[in-house]
Each structure stands twice: as C-alpha cells, then as structure tokens.
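Have the sequence and the 3D view ready, and follow along.

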Amino acid sequence: MELMSESNPDAEARAPGSGQTAHVITWGCQMNVYDSGRMADVLAGVGYAPAAGPESADVVVLNTCHIRDRATEKLFSELGRLRLLQQERAASGRRMILAVAGCVAQAEGAEIRARAPFVDIVLGPQTYHRLPEMIARAATPGADGVIEIDFPAEDKFDHLPVPAAPPGVVAFLTVQEGCDKFCSFCVVPYTRGAEASRPARAVLAEAARLVSLGAREIALLGQNVNAWHGAGPDGSAWTLARLIRALAEIPGLARIRYTTSHPRDMAPDLIDAHRDVPALLPFLHLPVQSGADRMLAAMNRKHTADDFRRIVDRLRAARPDIALSSDFIVGHPGETEADFQATLALVREIGFAQAYSFKYSPRPGTPAAERAQVPESDKDARLQALQALLRDQQRGFNAGCVGRTLPVLITAAGRHPGQIAGRSPYLQPVHMQGSTTLIGSVLDVHITAAHPNSLAAEIGRQRAGPLAA
Ligand code: SF4
C-alpha cells in the first residue's frame, strides 16, 4: 500500500495532517493490506495526502507481519534504512514521524522502542483508528515516543472513516479478527487478541457500499473467518453461512469468498452454503498443517486428519466442482519421518489445486518455540518433497482446466497490448485478448492453455455485464 503525493516543507507549522503527506508500507497477509488501506483512510481523513515514497513523507507507517520467518530481524533492518531517511529529512529542517504497526509491533512493542528509539509510534492492529491522535502526541516537543498496543474495549471499525478511494473489482472486507485456537506455532492469538466478529449490519452496509463503488467480488477476511458469528439485523443469531446468504442478495455482487478458515469451524450450514449460494466460489482455503494425528495434537489443532477428510467429503458432496487449497508446516517440533509421510499420504489422497507450505520456524512466546527442534536438514528435505508433490497437483489441476469453459471475473488490463486479465472461480490468474471495457465483467471463457501458475483463454459468451455506472 503506497500513498503518493508531494512533501511539504513547512508541515510542522500546520495543524496535524493539514497539507502533510503520509506513506504506508505493508508486509504480510491480505488482512494487513486491508488494515493498511484503513490506516491510509484514517490519515486522509485528517488531511494527509499520499506521498510518493518514504523519502518525501511526513509520516511513514510500517505495517508489519509476524507470521513469516525472521520477522523481527527484517523489521530492524528496514528500520535502519528508514532511520537514514529520517536523518536526511531532519538535516533539511523537516521531520519524519515513523510509526511501526501490525503484529510485530503488537508482539515486540517495548523491544522496538528500546532498540530503535527513533521510532516515534508503536501501535497494534486494534488501535490504528487512533493514529492521528498518536501522531499529535509524538509530534509534541519533548515527547518520548508513543506505544499503543492494548486491546481497547471500543470497536475500531466504529471509528474509521468511509474510505475515499473506490475499492476495485475485487474488494477485501474484514469481518472477523483474532483467534482463540492457540495453535502451538502461531502468534496470532497474542498479537490480534481473542476472536471478535464485526456486526452483521456493519458488514452488510460496507459490502453494499463496496458494490455500489464497483466491486464485483468480495473476499471476507478474518484470521479465523468461519468462526464469525453475530446478531443479524433482525436480532437472530447468525453464522458465517447466514451472512454469506445475505451478502449474496446484494444486487451486482457476482462473487463471494472467505479466508482463512479453520477445520473446526466448518459448520454444516457453511458447507450447505457452498451447495446453495451460486455466488460463493467453488474454492476454499482450508489449512490442515499436517496429515499426522500425533502432530495435529502437538500443534493443538483440535482436529484429526480424519476430521479433515470428512469435511472435504462433505464439501465435495455439496459442491462437486469445489477445489481446495491448504497450508502445511513441515518440521514442527516432534515431527518424525513417519509423521511427514502421513502428510504426504493425506496430500495424495485429497488432491489440492494449490497450497502454501513452510518449514517450521520458532516464534518467540509460542509453546512450540520452547520444544526440541527438528534438524534444519530434515526440514529442508521434507519441504522439498512436499512442494514437489503440491506443484505436481497444481500443474495437474491447471492442466485439467484446458478445454473447459470457466466464468472469469475480468479484473485488469494485461501486461501485453490488447490483453486483459482476470481470475477463474478457483482464483487462477487467466490471461486473454480483450478490451479493457470488459473489466468488471464475468465472462465465460474457453481455457486454451495451462501454465504452472496461470491459464490462457479465449473469450466466449458474456455471462454478466459490468455494473451500471
Ligand atoms: S487457528 Fe490459525 S490463527 Fe488461530 S492460532 Fe491456529 S494458526 Fe493461528
């Protein structure tokens, strides 16, 4: 997420934000992308124009991710770079307020200020609606840095301004945050807090607004999105399935998806929604992490490999064309070769259209970080073997699409002249010749070729036209 505009030399003489510029750097998942967008909205709401880059920004926000390996080292390396820019600006008589946001900020707030005292603000994912107030405090002469990493009682979504920019053809909508599952390897319960669901009324209103601005597909986001629950507009208890059914009634909304789900929360009514709601894409990212019950227990996943198999069977019975994606961790503490073979066996049995796989790496403060670690060489060998199998499955799935007609949402101009790009119902990138006036349409296209990560197509009959202006 980059906010772009010019800097202002006498920024500090004005009211906070007025005539100043801001730049948000985003690392990590789609939820971070969404959060960065909302932080940009908050800053725009108090007068910050987008800056071309950190070099010209009065405020720089680095929105961090703690999921991947060496997140903390990566942060301090980037902060070293930003520190130089901050010094250059100071030498020319201007100040750059530097804020670190996101999950690393939440987990390592005090350490960040101790190791990088030039960081003006450290804020967690639940407090970014207060960013202008924090900037004002940090800009006060003599201020000694601001740390806001609490989990406030107020709902930040109630305090966010309506976004100024149109959402694009595919819009992300956070409906749920946090997690109560406490998997042994994961920091999310510590950085994002307990599971919390946004009210149905707020979600429906935001979705309707996104569609009115041109969104054709909405991706519902949450760390544990299928744990979403809340009171419907009529006061009755709603599940994610009920919410999806209500969203599907918004005129002009062509496609709905949700991510990321936990197998424990794949309720029967959500599986039924895959059968009954045509707008719900026949594609599901459902992390399993391991195929060995021993490891699933060690990971505190609270489901078995057979539970996962049963869910997949029910999904395929409900929606025979559904394709699956998943997450895998190899080399979690305690994993033996036999455990790993059980993972390979599960992958062969289920068959995934795509998947993400990682070597286990310890996250400070999580239970698995304290346990005896699997040798790195074993992790490397297992990851290679798993990724080779998953790559084969992805290639096979893509090849199986050739000759089929698929409804593709056209999302953008392609990289080559006359080319347009879109996404299949299985989220594969699809490229074809066509006019950019088709952006926003769902077209039946004939798939002509498959590549490892994308498809080529020719346009056939149009299925649903673009939204009226
Ligand atoms: S369910 Fe997902 S978000 Fe929650 S602790 Fe486990 S891996 Fe982390």
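Here is a short tour, from confidence to cores to the ligand.

## How confident is the model?

Keep in mind that this is a predicted model. Its mean pLDDT is 90, and 93% of the residues reach 70 or more. Residues 1–15 make up one of them, with 43 contacts in the model beyond near neighbours in sequence. Residues 461–469 also have pLDDT below 50, and that stretch has 24 such contacts.

## Nonpolar cores

The largest nonpolar core holds 54 residues. Which of them touch the most other members? They are I218, L220, L243, I244, L247, Y258 and M266. Zoom in on I218: leaving out residues up to four places away in sequence, its contacts include A171, L173, V211 and I256, and also R255 and R257.

There is also a second, separate core of 24 residues, with Y48, V59, F157 and L160 among them.

## A look at M134

M134 sits in helix α4, which covers residues 131–139. Is M134 buried or exposed? Its relative accessible area is 0%, so M134 counts as buried.

Who does M134 meet from beyond four places in sequence? Its contacts there are I121, L123, T127, V146 and E148. I147 is 13 residues from M134 along the chain, and the C-alpha atoms of the two are 8.6 Å apart.

## Around the ligand

Now find the ligand. The residues surrounding it include C179, C183 and C186, along with K181, H262 and R301. Sorted by class, this shell has seven nonpolar residues, two charged and one polar.

Technical notes. Residues are numbered from 1 along each chain as its sequence is written. This is a predicted model: local features need pLDDT of at least 70, side-chain atom pairs count only at pLDDT 80 or more; totals for chains, interfaces and linings use all residues. Side-chain values use heavy atoms; hydrogens and water are left out. A nonpolar core is a set of buried Ala, Val, Leu, Ile, Met, Phe, Trp, Tyr and Cys residues joined through side-chain atoms within 4.5 Å. Buried means under 20% relative accessible area, exposed over 50%, partly exposed in between (1.4 Å probe, protein chains only). Contact means heavy atoms within 4.5 Å. A residue is near a molecule or strand if one of its heavy atoms lies within 4 Å of it. Ala, Val, Leu, Ile, Met, Phe, Trp, Tyr, Cys and Pro count as nonpolar, Asp, Glu, Lys and Arg as charged, and the others, Gly among them, as polar. Helices (H or I, at least four residues) and strands (E, at least two) are DSSP runs, numbered from the N terminus. pLDDT is the predictor's confidence in each residue, from 0 to 100.
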